[in-house]
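Please open the structure in a viewer and keep the selection panel at hand.

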Amino acid sequence: MSLLTQYQTAQALELHLGDPLNPENLFSFQHCIELDEQDAYPEDICQLLSDWNVDLYYIPAAYGGKLKSFEEVLAISRVIARRDLTVAIAHGVTYLGATPVWLAGSDEQKQTIAQRIKNKEKISFGLTEKNHGSDILSSETAVEVLENGYLLSGEKWLIGNATLSTALTVFTRTNPKGGPRGFSVFLVEKDKLYPNSFSHLNKIKTHGVRGANIGGVNFQNSFLPANALISTPGSGLEIILKALQVTRTLHAGAAPSLAQADTALRVTLDFVFSRHIYGSTVWDIPHARKTLIEAFVDILLCECVSLAAVRSLHVATDQMSLFSSIIKYFVPTTVEQVIQRISAVLGARYYLREEHWYGIFQKIVRDHSIISVFDGSTAVNLHAIALQIQQLATYHVQTNIAENPGIREKISTIFNLEKPLPDFEPNRLEMYNRGRDDILQGIELAEADLADLPINSEAESQVIDRIMNLTNLLNQLIHIQNKFLVEQGIAYTPKYSKSSQLFDLAKTYCILHTAVACLQMWLHNRKTLDSFFANGEWLVICLTRLLEKIQPSLDSAPESYWENMGNHLVKLYTENKMFSIIPFDLATSSTI
Ligand SMILES: Cc1cc2nc3c(=O)[nH]c(=O)nc-3n(C[C@H](O)[C@H](O)[C@H](O)COP(=O)(O)OP(=O)(O)OC[C@H]3O[C@@H](n4cnc5c(N)ncnc54)[C@H](O)[C@@H]3O)c2cc1C
């Protein structure tokens, strides 16, 4: 089976970087740990990535870059972040900083940023202030409007690459009264500022990603020319919220979490196969083995919902306000639990800053915890979902989605990994989904497709029966939640919209959405991906694992399915392949 085209770049980068376990490679675990111990910025590794032109994947193809498919970028980012999150953040922040320009900048601003990135310069994203994090409408950094430009004053704090970047996009108050139309985004080019009109804060020491350059920039009446304004005055909130839809899905959500989970599991598998205890290996202890297979299941279900979201950036762009928040809440929190549970299997070695795999596991524990904090925290994303769930339920109850024009083709393009993606059109991003979630609401279409599946053998029939039963249950649970939301009617008062009850409903929504994504992924790729994927036992386990979070009394998947899942995990580990539904080759020492 040949590797899907959109994974070939990631595969090539992976082989170029070489085996991270080999200390002779620059981008090795040992080197990353050494840098971390010294709080040192991974400049040499960033240079290695830039020499390979990873930066070009931060520039849309229309501006001379190579960014065409977000699915391809996800795979590339996973290759980087599986080795080290400090490097992934240090290098990837440039995409975050540039996104407001790609979304809303003038042609001139886009050319400027493209040229800077081609020059291997770093771009920062200046949103947060010391006194204002998630509550961005309280931001104090402001401009005074002049005839020929602006004077910018204020301080952006906890900014990635703050000191090292040559330019940054800055969220700024342009109307003293504030409000949703009271802010704008500026492209600030540091080398065009009067040198005495801005200063950098010292690097701030962090719990994880210790080598990252997290600092701040202070502006003191910095003169900005009129063409530094991105789009129109007052459009800042919309630009930032739309930019976050892209970055939460990709660089700050799915990529780092999937990648770090892969390495955490790989480190632990290496231990359990070689560690002899009570006359056999740790892998032979049923509880330990089950914990690791569950971790693999969680990676796969997170991957299914993530792939659907990154492909939706191209296909269902107007639904990303919801999908990006689902990814940014669900994937990092699931992976946090994965890391925590498998650390109990790795035992003492998880706590060491050296020895087993150079102590990379403890770095993952510290590093990964930032994912559910920055670029919109878990609470912020649950809130964003909570604000939409009643409208989503109402639309779902009132609409026969099968009658929506082009819906089958759309769902098929989201999920069929062989289908080419249309170009990403940023002007199709919306602030709200207006009740639409083509993934979850496509459940009835998936049910109909399941009923039409040809059955070729008794074994296949048993798996499909189970998938159908689970799909029926999934549909029932969706209807129960919809009914509750529609009948209850939510008074979206500021207090209730951030209540625990509404957040619990939002969490349930994410589980249901993920379950449908897994189902659709299987339906659309079972003829083209490998036999493990095709036979569907993994899907039975994934659906059971998700739905038992809502209905704990659900029967477990058959033990034989778990055994086969375990065997497949061992196979991927032994063959050194990514823990993925698209398990591409990872570098070994013999591939360098
Ligand atoms: C390593 C690192 C790198 C970073 N990089 C950048 C960067 O490059 N650019 C940048 O601009 N910022 C960056 N940040 C800042 C980061 O995005 C903010 O810290 C984050 O948005 C959270 O803000 P806060 O911690 O100040 O918490 P606050 O927003 O003040 O929130 C405090 C608490 O209130 C609760 N809360 C907040 N909002 C809600 C809500 N809507 N519903 C329910 N509860 C809520 C939560 O419990 C939250 O923890 C970085 C931070 C770190 C640590």
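Helices (H or I, at least four residues) and strands (E, at least two) are DSSP runs, numbered from the N terminus. This is a predicted model, in which local features need pLDDT of at least 70, side-chain atom pairs count only at pLDDT 80 or more, and totals for chains, interfaces and linings use all residues. Residues are numbered from 1 along each chain as its sequence is written, and side-chain values use heavy atoms, with hydrogens and water left out.

Select residues 124-221. The span is 45% strand and 0% helix, and its end C-alpha atoms lie 20 Å apart. An unreviewed UniProt entry annotates these residues as "domain: Acyl-CoA oxidase/dehydrogenase middle"; UniProt positions are given in the numbering used here, feature names are shortened, and such annotations may be inferred rather than shown by experiment.

Next, colour domain 1 (5-118), domain 2 (123-230) and domain 3 (240-574) separately; these bounds come from an automatic or database domain assignment. Over C-alpha atoms, the centres of domain 2 and domain 3 are 35 Å apart.

Now display the interface of domain 2 and domain 3. Here 10 residues of domain 2 contact seven residues of domain 3 (heavy atoms within 4.5 Å). The buried area is about 770 Å², with 73% from carbon and sulfur atoms; buried area is the accessible area (1.4 Å probe) that two parts lose on being put together, summed over both. Select F125, H207 and V209, which supply 48% of the area that domain 2 buries against domain 3, more than any other three residues.

Finally, look for salt bridges between domain 2 and domain 3: the count is zero (a side-chain nitrogen of Lys or Arg within 4 Å of a carboxyl oxygen of Asp or Glu).
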